[in-house]
Protein chains: 2
Amino acid sequence: MATIVEVARQAGVTASVVSRLLNGDPTLRIRAETRDRVLAVAAALDYTPNHAARALRRARAGTLGLAVHDLHNPVYAEIIAGAEAEARERGSVLLVADVNSLASDDETFRRVVQGGAIDGLMLQRDGDASDKVVARVAGSRVPVVILNERVRSPLSGVAVDDRRAAMLATRHLIALGHRDIAYLQVSGSNSRARDRRAGWQAAMRDAGLDATGRMVVGGVRPETGYRAMTDLLAAHTPPTAVFAGTLLAGVGALTAARDAGVSVPARLSVIGFHDGWFAEHVYPALTVVRLPLRELGRQAVRLLARRIDGAEAEQILVSSPEPELVPRGSTGPAPARRG
Amino acid sequence: MATIVEVARQAGVTASVVSRLLNGDPTLRIRAETRDRVLAVAAALDYTPNHAARALRRARAGTLGLAVHDLHNPVYAEIIAGAEAEARERGSVLLVADVNSLASDDETFRRVVQGGAIDGLMLQRDGDASDKVVARVAGSRVPVVILNERVRSPLSGVAVDDRRAAMLATRHLIALGHRDIAYLQVSGSNSRARDRRAGWQAAMRDAGLDATGRMVVGGVRPETGYRAMTDLLAAHTPPTAVFAGTLLAGVGALTAARDAGVSVPARLSVIGFHDGWFAEHVYPALTVVRLPLRELGRQAVRLLARRIDGAEAEQILVSSPEPELVPRGSTGPAPARRG
DNA sequence: GGCAACTGGTAAATCGTTTATCTTGATACC
DNA sequence: GGTATCAAGATAAACGATTTACCAGTTGCC
């Protein structure tokens, strides 16, 4: 590969000039013909600055870290897609690391975070491993942005309007005539869990309905949603509708209803949180509320970039595009009251 | 952050000693007490070698590139998970880049590939964008490993036994009494497409069945599988079973059957290729053949590491764990012959 | 006692960029 | 005519680590 010195040599100038020209140094005074000559040589040699050398000199890697939990969760895929696009547009590049490795493998953490391989880190707090990583990274010089959560001040975070979307979902069920609406709660203590629950409760209260006692942990995986739904259906008077706090719990709930012989949506309506391609391929197709996850990914990168440049911690709520109800087959009118 | 010079200073030696000690230089002669002192200081200062400096000096980034098409495809998620684990265990780190950006955005390609940000690249050839990337990267010094495909000699690649798995799937249907078995072909001209088709054909031939005329493009996405299945069902005598060359096409086929009012598995059996969590949550649960995708990801990283170290191009077939039939609800005995 | 071999390191040269500070000849100003 | 300014670059010092070559004492051997 051609180096900057080689370009300089062939253009008859010093490396300094090449560097300043290519980086657009405003203090550089250069004759037009010299500039053209340098640019021509750089193009001819297909000169590309060496990543490592630049990183060393600038004390900046040009790389953003993204800690991932489970790539199989479609919610992640969407956030990552947004982050990748934004990072690319800004000339950065995304480095992925498994959050469990970061938490449990000291060597990995040091290499990635302390060794300066990344300029900043994005991660979703979810479970002990991620909390551990947040704690450790807070003690380093690497700024961190929390994904998909409202956080308090020393931290930076970017979230979507979970509360509003949860209300949207619940109101949809209420509008269909449901009065006994259960909530499959997100596990963990974070704003996602709190806000979605709060949204459900608020919508229930607004409609004069009782929101107590109909809440059960649905988790973030199909299996947990399945179990939760199974338990609910085994109750004396099962709910006629269920709002699943996560997409995968919603899918699991649907499967549970089928296995229990409860027809959806005739006897039970199910609505999920966040959209994914397979929501159209379960049966019946899952009604969901869709949130701007891709945009969340983009904003996270922007915020992280600002923090790397020294800006203060910030909290961002991605409110556009707005949460949207996507009605599909899994929700329908409430069955006639048994009471 | 503490530098190697600072460690050396506090330990009363030169940086050379610290470097050689920490990197296990076998030619280094050092007194036990000096060694302990250096190690103690390094530990006390929590010394971590600077990524960029090391990369610059060694002319090696310590980073492996992974070009991704679509993170929503679960097959990818599994390969990535394997690659990430293996990379981490070897002290490398994974850098993800969207294959379309690499193909279409010149700037991105140069930064990532030519600038030395990665030591090697893994990608799945699938579509024009990826072919373009392969062509361009072949002209650089960066070694590339093709994922999930058997390739010819100048290239390196790692594949699973698509042919065998396809036979396994087809034989399962044959064993259930099906004789009219359609194949939803994978799109593109690659060994995945060829081998799966060949496996289907071989199994059909072995059973004395006709494999011609029952092949239609199913693609790699639910929508394409849906359309293909819809067309098949509209035929004069629809098949009684269908082998979908991809998981998502299988899911789409299932949905198509339902929308066409064809009950599965009573009138139509469907089997998919590769497993994914949602295969258990479609209705009926999708029978599939499972292949060692995670191991494929691991082997890809190993092969790439060898190539980076100068080894010749190689082709690898991941044959363990063996392809496995995972019977679920979408396949059943063939309906009584209409003829 | 002379030479070789070993011990326990040291010195210095990179790697490719960036950037603050100089230099040098020409022009402008008063 | 002396000085200040300016155009157009040149110089050189980092950034932090790795690696090759080398060296001063000390032992060992015959």
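**Two chains, questioned residue by residue**

Trainee: B:Leu147 sits in strand β4 (residues 144-147) of chain B. What makes a run a strand?

Mentor: A strand is a DSSP run of E, at least two residues; a helix is a run of H or I, at least four, and both are numbered from the N terminus. Residues 144-147 of chain B form such a run, named β4, and B:Leu147 belongs to it.

Trainee: What should I keep in mind about the source?

Mentor: This is a predicted model, where local features need pLDDT of at least 70 and side-chain atom pairs count only at pLDDT 80 or more, while totals for chains, interfaces and linings use all residues. Residues are numbered from 1 along each chain as its sequence is written, chains are lettered from A and ligands numbered from 1 in the order in which they are written, and side-chain values use heavy atoms, with hydrogens and water left out.

Trainee: Is B:Leu147 buried or exposed, and how do you know?

Mentor: Buried means under 20% relative accessible area, exposed over 50%, partly exposed in between, with a 1.4 Å probe and protein chains only. B:Leu147 has 1%, so it is buried.

Trainee: Which residues does B:Leu147 touch?

Mentor: Contact means heavy atoms within 4.5 Å. Leaving aside residues up to four places away in sequence, B:Leu147 touches B:Leu66, B:Ile79, B:Met122, B:Leu123, B:Gln124, B:Val158, B:Arg192, B:Leu296 and B:Ala300. B:Leu71 is 76 residues from B:Leu147 in sequence and 15 Å away, C-alpha to C-alpha.

Trainee: Where is A:Leu147, and why is it called buried?

Mentor: A:Leu147 is in strand β4 (residues 144-147) of chain A. Its relative accessibility is 1%, so it counts as buried. Among the residues it touches are A:Leu66, A:Met122 and A:Arg192. The C-alpha of A:Leu45, 102 residues apart along the chain, is 41 Å from that of A:Leu147.

Trainee: Why is A:Thr3 called partly exposed?

Mentor: Its relative accessible area is 43%, which falls between the buried and exposed cut-offs. A:Thr3 lies in the segment before α1 (4-11) of chain A.

Trainee: What makes B:Ser130 buried?

Mentor: Its relative accessibility is 0%, so B:Ser130 counts as buried. It is in helix α8 (residues 128-138) of chain B. Beyond residues up to four places away in sequence, it touches B:His69, B:Val99, B:Leu123, B:Gln124 and B:Arg125.

Trainee: Which kind of peptide bond joins B:Val264 and B:Pro265?

Mentor: A cis bond, with omega about 5°. B:Pro265 is in the loop between α12 (247-259) and β9 (269-273) of chain B. The bond from B:Tyr283 to B:Pro284 is also cis, with omega near -5°. B:Pro284 is in the loop between β9 and β10 (287-290).

Trainee: Step back to chain A. How does its radius of gyration sit against the globule rule?

Mentor: The radius is taken over C-alpha atoms, and the rule is 2.2 Å times the number of residues to the power 0.38. For 339 residues a compact globule would come near 20 Å, but chain A has 26 Å. Its C-alpha atoms fill a box of roughly 90 × 40 × 35 Å along the principal axes. Chain A has 13 helices and 12 strands. Buried residues make up 54% of its 339 residues.

Trainee: How do you know how the two copies are related?

Mentor: Copies are superposed by least squares on the C-alpha atoms of residues with pLDDT of at least 70 in both. Chain B can be laid on chain A with an RMSD of 0.1 Å by a turn of 180° and a shift of 0.0 Å along the axis. The copies are thus related as by a two-fold rotation axis.

Trainee: Through what surface do the copies meet?

Mentor: The same one: 100% of the interface residues of chain B are also interface residues in chain A.
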